[in-house]
Amino acid sequence: MSKLDDALARFQRAVDLLEARADECVANAYETAAVVAESGQWKGERERLAARIASLEEESRTLAGLTEEVEGRLDGAITEIRAVLGRN
């Protein structure tokens, strides 16, 4: 092989390597874009779930208050029933 052939072979290997690295960079860029998009989706999902949790916590507090009120009314009714039954 002549020096020119050696130089062309080295040049071709360098070009091949450069193309391979460029392909890797493009693939990494697409992967990064996909990860960023997915991250945005997860953030939106997290915010939606946080809002739902807050709503459920408020509903739980409301139900706890109603439960206490019903409990008080039942205790009062039981007391009245016992008083009526005690008179007979």
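Which residue forms a salt bridge with Arg-21, and how far apart are the closest N and O atoms? The partner is Glu-24, and the closest N and O atoms are 3.6 Å apart; the legends below place this pair in the predicted model.

View 1. Helices (H or I, at least four residues) and strands (E, at least two) are DSSP runs, numbered from the N terminus. Along the principal axes, the C-alpha atoms fill a box of roughly 125 × 15 × 10 Å. Buried residues, meaning those under 20% relative accessible area, with exposed over 50% and partly exposed in between (1.4 Å probe, protein chains only), make up 0% of the 88 residues.

**View 2. The salt bridge between Arg-21 and Glu-24.** A salt bridge is a side-chain nitrogen of Lys or Arg within 4 Å of a carboxyl oxygen of Asp or Glu, and the structure holds four of them. Arg-21 and Glu-24 both lie in helix 1, three residues apart, which is about one turn of the helix. Arg-21 is partly exposed, with a relative accessible area of 45%, and Glu-24 is likewise partly exposed, at 42%.

**View 3. The salt bridge between Glu-45 and Arg-48.** Here the closest N and O atoms are 2.8 Å apart, and the two residues stand three positions apart in helix 1, separated by about one helical turn. Glu-45 counts as partly exposed at 31% relative accessibility, and Arg-48 is partly exposed at 46%.

**View 4. The salt bridge between Arg-73 and Glu-69.** The side chains of Arg-73 and Glu-69 meet at 2.8 Å, N to O, with the two residues four apart in helix 1, about one turn of the helix. Arg-73 counts as exposed at 61% relative accessibility, whereas Glu-69 counts as partly exposed at 39%.

**View 5. A nonpolar surface patch formed by Val-70, Leu-74 and Ile-78.** Patches are made of residues with over 30% relative accessible area and no salt bridge, like charges being joined within 9 Å and nonpolar side chains (Val, Leu, Ile, Met, Phe, Trp, Tyr) within 5 Å. Together the three residues have about 260 Å² of accessible area, by the Shrake-Rupley method with a 1.4 Å probe, where for residues only the protein chains shown count as cover. Leu-74 has its place in helix 1, which comprises residues 3-87.

**Notes on the model.** Residues are numbered from 1 along each chain as its sequence is written, and side-chain values use heavy atoms, with hydrogens and water left out. Because this is a predicted model, local features need pLDDT of at least 70 and side-chain atom pairs count only at pLDDT 80 or more, while totals for chains, interfaces and linings use all residues.
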